[in-house]
Amino acid sequence: MIQKFSFLKSAGLHLLALICLSTYSSPPALAQNLRNNPTSNHGNKFEQLGTILPDANSYRTASGAPGNAYWQQRADYEIDAELDEEAQILRGYELITYSNHSPDVLDYLWLQLDENEHHPQAESNYFNESRLGRRMTESDLERVLPGRMLEGYGVQIFEVSDGKGLALPYTINQTMMRVDLREPLRPGQRTQLRIRWQYRIPDRMKVGGRGGYEQLKDGNILFTITQWFPRLCVYSDYQGWNHKQFTGRGEFSLPFGDYKVRMNVPADHVVVSTGTCSNYKKVLSPEEFARWQKSQSATEPIEIVTRDEALRKESTRSKDRKIWVFEAGNVRDFAWGSSRRFIWDAMAVDIEGRKVMAMSAYPKESYGLYRKYSTKVVAHTLRVYSKHTIPYPYPVAISVEASNGMEYPMICFNYGRTQEDGTYSEQTKYGMIGVIIHEVGHNFFPMIINSDERNWSWMDEGLNTFVQFLAEQEFDNQYPSRRGPAHRIADYMRLPADQLEPIMTNSENIIQFGPNAYGKPATALNILRETVMGRELFDFAFRTYARRWAFRHPSPADFFRSMEDASGVDLDWFWRGWFFDIEPVDISLDSVRVLTPADSMPSNPSNPLSNDRNRDRMSRASEGKHISALRNKEAGIKFLVDLDTSLRDFYYFYNDSIRKIDESDPRLSSVRSSESNDSLISQAQIDGRPVYAYELHLRNAGGCVMPVILWWEFEDGTTQEDRISAYVWRKNEEQIVKTFVHFKPVRSVLVDPHRETADIDTLNNLWPREDAQVIPGRVAIFKSRSESVGRRSTPESANPMQIRTMGQ
């Protein structure tokens, strides 16, 4: 056995190096590198991606579908695990059956040892910058010396052998272990590994990490056992072995397989897990088992382990043991939770004719939120995601409250605890609902549509955040989604270039991880759905991608190609701008040249900002009435809080004054129908009415080409919306001139009225401005600029529910 860790041995030198070292990188010239015709104002942004994408082959076709020679490996596991609560140690023994479906001969196998992330000598604990603050606590200094804080952590390997029990040589390199086979594994063959191991379970509230334990105030422990056993790496047609080190950022790439896992835990613990339990009758009390049976047909959550039962166990420490047995088929990973403090509820949900058990487990600290919301949010998530991707194929989906947010097949760990008096802030409530939707949604991306998280975080986080947004909006039309609406990504996109990187950046190299891997790709997909492609084309293409790659390993090119193949829309310009570059969207309405009848020349332009309705139009999208909310309302979508009024809480009525979208909002009617210029021109020719022509001069100030959406308000108070394809920029990517003919005078023109393109500067979107001048004669020229109207907000930490309760 060889074990390798690279680290600085001298703590003092290490601290000095971190204080003295600094880095600098010049802003990337990404736009120039992606230009096909760099000396021209066209022939760049609309060119095909060409050699930027890998060539199609018999494994992955040019349509984005798996090819006729597509293959993938398989790993099946039998695991025995023993949880030592007193010592916080997990011991395990596993038998792995690995099937080689590739055309290649393999001399060795690579496995992941993720808990070595916490090894005191792991390089990932040292390779990030650190700085001295004006004030430093002892814990701050300990983070600079992680070796002290992580002493005793890391995986201990006691045995690696083949199926016959013969020892195999192995090499540990940080979080990866190579096992050298006695004989080459040829195509179509299987081999077995036996591994015996243990590790000290980390206190994740102190040292961080995806799994570990949390000690509650009464001394009881809540265990979240994740990334806990040696797991096979993916071996694929496009990468070979994916053995990039686990540093805590880029997540996982794992093959599918079947699992049978036996967990030996204290007898008073409740275990929740990936898969289905085959011995509930043995490990549950008769009363608990009867409730479990009843929950199989329940349409409301039933407490299987009740709050009172959990409370009675708080002061007990059983010395007896129980073994819970779980089995899971065709999953890429396995995780579980264990605690005597768990309250457990469940209900059945119908997913296209199949029964799925939606469940939640949580300590009493979460009861006020989780009992009301969690299991119903799980069920809602499964319904919405199944509609937009594939029908949920597993028998169980469970949400566990564990003061974090992390996902595994059929089980996820979330947050959402009330104050001691049972109240909670609106931020806590919506944060909890959002994280449950997000983590349950990860069952689809990447647990089923099994992308490579280690390299491309956006393929699971971004796609999942997008469908999370759809689910949030179907939960409540006034849901305050943080990510999805285009205007919410504008702050990130206006950052300096050296703080940005393309979405197509490796997970480990991203500075602003949340906006880049979650927010920007989710926004991009929402823009595709609402603004570029339309819902019908987008939804069909997105489902096609999901169904093509369910239980397979897609790459970015497979996603890009599938979306185009199934929709018939050329999107290379969009992938180029949003995924391969960092240029922002900023369409500036620089000037308007007006041609009016001689007897109707205005002496002074009206000021649209002095009109309350125009002011409201500028701010309405910021207040939640974004394009998706408007269209959902118009489409008659049934929102969950209306279908199940038990989900309405204090905040539903506290915010009642802003809940309803104004049905008289002229923009809503514009989505329903909008007259075209052609019909107006035809009518004008017949009636001989006077013509009002407006020549708009638009500039691509940001660099990222996008459709042009115009909102016209006429002097008689009527309105009209025009939507122009992004292809209007194809012959001049920097500036365009577009003329519109109307048969009544225009009071104002607004670019991007619904804030649906992520425009970073709305100051240049409105015409006319207050100080606009009119040049005498039949043609008037106006310069365009406006004032922006921001959104009022309350401090995130405010808890009006608590304040109102205390005041009563």
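F513 is buried, with a relative accessible area of 15%, where buried stands for under 20% relative accessible area, exposed for over 50% and partly exposed for what lies in between (1.4 Å probe, protein chains only). The model is predicted, so local features need pLDDT of at least 70 and side-chain atom pairs pLDDT 80 or more, while totals for chains, interfaces and linings use all residues. Residues are numbered from 1 along each chain as its sequence is written, and side-chain values use heavy atoms, with hydrogens and water left out.

**Exercise 1.** Classify the ring pair formed by Y77 and Y259, and locate its two members.

*Solution.* Rings of Phe, Tyr and Trp (its six-membered ring) pair if their centres lie within 6.5 Å, and planes under 30 degrees apart count as stacked, over 60 as edge-to-face and the rest as tilted; by this rule the count comes to 60 aromatic pairs. For Y77 and Y259 the centres are 4.7 Å apart with 15° between the planes, and the pair is therefore stacked. Y77 lies in strand β2 (residues 74-84) and Y259 in strand β14 (residues 257-266), 182 residues apart, strands being DSSP runs (E, at least two residues) numbered from the N terminus. Y77 is buried at 3% relative accessible area, and Y259 is buried at 4%.

How values were computed. Helices (H or I, at least four residues) and strands (E, at least two) are DSSP runs, numbered from the N terminus.
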